[in-house]
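I set out here what I looked up in the model, entry by entry. The entries run from the overall fold to single residues.

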Amino acid sequence: MTNFQLDKIHSSISFQVKHMMIAKAKGEFNEFDVEVEGDVNQLESSRVKVTIQAASIDTKNEDRDNHLRSADFFDVENYPTITFISDSVKKVSDDEYEVTGQLTIKDVTKTETFKVEFNGQSKNPMTGSIVAGFDVEGKINREDYGLTWNAALETGGFLIGKEVKIFGSFEFVIS
């Protein structure tokens, strides 16, 4: 059994969504935790739990962030966290995995699958500790989770796309 301790300084969770049908709006969540139970040498037996503080959303635009925190979107007063709890980890190739589990946003839970790339292990020259790195990506339909607010554009289409691409980069100190 490996002890995984998230290095929050070297980890991130970000997203992007189409804006006005022509560009991408990007953001991140600044407060989150990732718990991993398992063996770094046999990741298929791992269990993962991700907890994101929804109010920590940051798109570098205060008005937009406040709108995203409101009842139109995440309703952070009533639903302060977003969670993902894995059901299975499937090895796809030497360093690629698929993690399937239950994603909960605003009290709506759906099964989602994310691609995970295991970047290996290395010894940190500053601390001497062993670290492991993972990159995660996937996409969800925000409307499946009750995030349905939108505005029609005069030119056709909508202000915000339905598909949200999610990216994670995580570094763990392992022992």
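I took helices (H or I, at least four residues) and strands (E, at least two) as DSSP runs, numbered from the N terminus. I worked on a predicted model, in which local features need pLDDT of at least 70, side-chain atom pairs count only at pLDDT 80 or more, and totals for chains, interfaces and linings use all residues. Residues are numbered from 1 along each chain as its sequence is written, and side-chain values use heavy atoms, with hydrogens and water left out.

**Fold.** I read the order of elements in the protein chain from the N terminus as β-β-β-β-β-β-α-β-β-β-β-β. The radius of gyration (over C-alpha atoms) is 17 Å, close to the 16 Å that the globule rule (2.2 Å times the number of residues to the power 0.38) gives for 175 residues, so the chain is as compact as a globular protein of that length. I noted that the C-alpha atoms fill a box of roughly 55 × 30 × 30 Å along the principal axes.

I called a residue buried under 20% relative accessible area, exposed over 50% and partly exposed in between (1.4 Å probe, protein chains only). By this rule 41% of the 175 residues are buried.

**Contacts.** I counted a contact when heavy atoms lie within 4.5 Å. Leaving out residues up to four places away in sequence, Val 34 touches Leu 6, Val 48, Lys 49, Val 50, Phe 170 and Phe 172. I found Ile 85 in strand β7 (residues 81–91), partly exposed at 34% relative accessibility. Beyond its neighbours within four places in sequence, Ile 85 is in contact with Arg 47, Val 48, Lys 49, Gly 101 and Gln 102.

Most residues other than glycine have a negative phi. Asp 75 lies in the loop between α1 (62–69) and β7 and is buried, at 14% relative accessible area. I also recorded Asp 107, whose phi is positive at about 65 degrees. Asp 107 lies in the loop between β8 (96–105) and β9 (108–123) and is exposed, at 64% relative accessibility.
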